[in-house]
Amino acid sequence: MIHLAARLALRGGREPLIRLVVTAIGVALGVTLLLLAAAAFPALHAHDVRRAWVKTSTRNLRPAQREADTQPLLWRVRTDTFENHDIIWVDVAALGPRAPLPPGLARLPGPGDLAVSPALSRLLRSTPRALLGDRFPGRVMATVGNQALVSPDQLVIFAGHDPAELRASIGVIQVRSIESATPGLKASGFLRVMVVIGIVGLLVPVAVFVATATRLAAARREQRLAALRLVGATPRQTAVIAAVEVTLAAAAGTGLGFAAFAVARPVVARIPFDGSSFLTSDLRLPAGMSLLVVLGVPVLAACAALVSLRRVQVSPLGIVRRAAPRRPTWRRLTPLFVGLAAFGVAIPAAVSTRSGNLLPPVALGAAFLLVIVGIVAAGPLLTLAVAGVMERFGRRVAALLAARRLQDDPAAGFRAISGLVLATFVATLISGVAPAALVSYKSGSQLPAGLVTLRFTELPSRALPPAEAAPLLSQLDAIPGVVRVTDIRLAPSGSAGAAPGGAGQVVPTIARCADLLATRLAANLAACAHPSAAVSWSLADGVLDGPASMLPRPTSEPSFAALPLAAVAVSTDGRAATVERVCTRLDAAAPAGDVLAAATRDTTAGDRKLLQLERLTNVALLLSLLIAGCSLAVAVAAGLIERKRPFALLRLAGVHRSVLRRVVLAEAAIPLLAITTASVALGLGAAAALLLAGSSAAGVSFTWQPPAPGYWAALGAGLTLALLVVAATLPLLERLTSLETARFE
């Protein structure tokens, strides 16, 4: 019987072969996305592992080396910026031949030697030294390997120093091992929650598409089964034939899916999902998951084919009898309510869990999947309600026919649009969370665009002496594109607001009001009663912190220039070349390691990552709607094929083709728009609940914000595409209701 089923599927003519190919393509798409989703968590974990060394400290949580067997290493990590790209800058000096070795290095760089990542090496070769290279005095002697790089594009440099030179700099620690424990960021749990929701939500439209593809031309399959019953086949044999046909398509689609995954890996690896792109090797499949997909997808496809026949009975005379579907009741809302309750309970545990504990994220995924199942269960009930409204207020033949069709089988009516409804719900949930995350994690200190700030140190004793400050200020002022150089001096003892400074404490400073007014630096300009006055305030995390107060007596220009330089702010024309020249000059002129901040603050690294997350959310929405649109096209086409005879008879009875076209459009468009509206409302409500439940667990205050304009544009484009997809199936209706077809039927 299996051999016969294979022959019927492969050599049964053009129609079975086309159905086999279409089903295989649908399964291949589903398998590809399933494999990419399965590789997401290993890829994110690989990022966590490779960024662990940056957190090296005097007391490492999980030392990569046995500290009793190593010798001390002087170590300092700082971050620089070039054209809105972060540069991880590590200064090292070995205090013995057995000093611990950071990942990605074959040996430690000696004094004056540099080891750079491949991306930074390319950048140094293609960028003038005045813009970047002068920041790193020394010779590039080695390349940092992938073991130390979160992504292929990461900019990392290890600079070797003489131990005596480096020990005299601030911020240097002495370590005997390198950290290998994955960092526990406050936002990581929240990010994992969004990953779980995104993966489950993306796979649901795919699963609907695969299920819809396996049901393609189910009515024609039933007719063939009826013919087999007429020649003596048993119900069990007909079920085997149907299962074998779908299993062949699923097996072929699974193979194509693995091939497509291998082709897509290098492309997908370039997507900065968590703010950084991936190595191709990061997207690896666990052996257990691969085996589960290889065996599970064909089995599930066969089960779906058998389930689709569960309501069909074929008599020995080849007559197909379909059981009347039961009308949905309000009890179908129970799974949705239970799923929403479980989802709300699982959120805090998943947000606060550590990266190594997979149980809370899995529980969250199960709860979210239950919400999806609840929406699917409640869909026919909502479709029935929409059909009732159409029947009550419809006055045209097309609306009444569409309403009666939906009332007769609301499950089939919802099945066609279920992919789009679910995709809209998931995308709305994610888009409802993203703006709140953007506002909550937005950097609090925003300086005017094109401004470069530098704080030399937290210690007053480390401020730049006046003899070194004068030539530095002159050189900065001579750079083309520099508009104004504002020098911020260390306040003399006895000045207003002056207090002893120390590590981690504020540094009392003074500056001219004319400079502050011109550059809009001071947050509080009330103290600047006159441009010729000077103010004093405390320099903490930047050049603008703390209340300003007017000095009790004016400070003369010679007296002001004789004070040590605590910080400097350079206003530029905003061009990238000018900004980078200023940053490079400051890095080169300041004492080694005393530069604690030298960057433009128009966009911080955290802001860029969150903006990337927002863009990825909109891309995921478009992708989900595209997949769901394909599912809708297949479902509408399959529905037309199944109703070939009724439509042909209506055409013979005198119903115009335009009426039949409006019937098809009304059946798909009206429930789609109505239920999608309810889905958007449910998604926004779930987003608000997620933010409320996750705020305390994440340690971040989330305030609900409406989705960004890009979401509404993507949603509108997706719904418009869906309606165009439905309209694209109308030529098939013309063909099915032609006079030749009607005469044959």
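**Notebook: sheet and helix pair**

I started with helix H4 (residues 118-126), which lies across E1, strand E2 (85-94), strand E3 (113-116), E4 and strand E5 (155-160), contact meaning heavy atoms within 4.5 Å. H4 runs at about 85° to E5; axes are lines fitted to C-alpha atoms, for helices over the stretch in contact, and angles run from 0 to 180 degrees between N-to-C directions. Helices (H or I, at least four residues) and strands (E, at least two) are DSSP runs, numbered from the N terminus.

The model is predicted: local features need pLDDT of at least 70 and side-chain atom pairs pLDDT 80 or more, while totals for chains, interfaces and linings use all residues. Residues are numbered from 1 along each chain as its sequence is written, and side-chain values use heavy atoms, without hydrogens and water.

Next I looked up the sheet. It is open, has 6 strands in the order E4-E3-E5-E2-E1-E6, and its pairing is mixed; two strands pair if DSSP finds at least two bridges between them. E4 (139-143) and E6 (173-175) are the edge strands with a single partner each, so one side of each has no neighbour in the sheet. I then checked E1 (residues 73-82), which pairs with E6 in the antiparallel sense over 3 bridges. Leu73 stands opposite Val175 in E6.

Last, I took H11 (residues 359-393) and H12 (residues 397-408), whose axes come within 8 Å and cross at roughly 150°. The two are therefore roughly antiparallel (angles over 145 degrees). In H11, Leu384 and Met390 are among the residues meeting H12, whose side includes Leu400 and Leu406.

Note on methods
Parallel < 35°, antiparallel > 145°, perpendicular 65-115°, else oblique.
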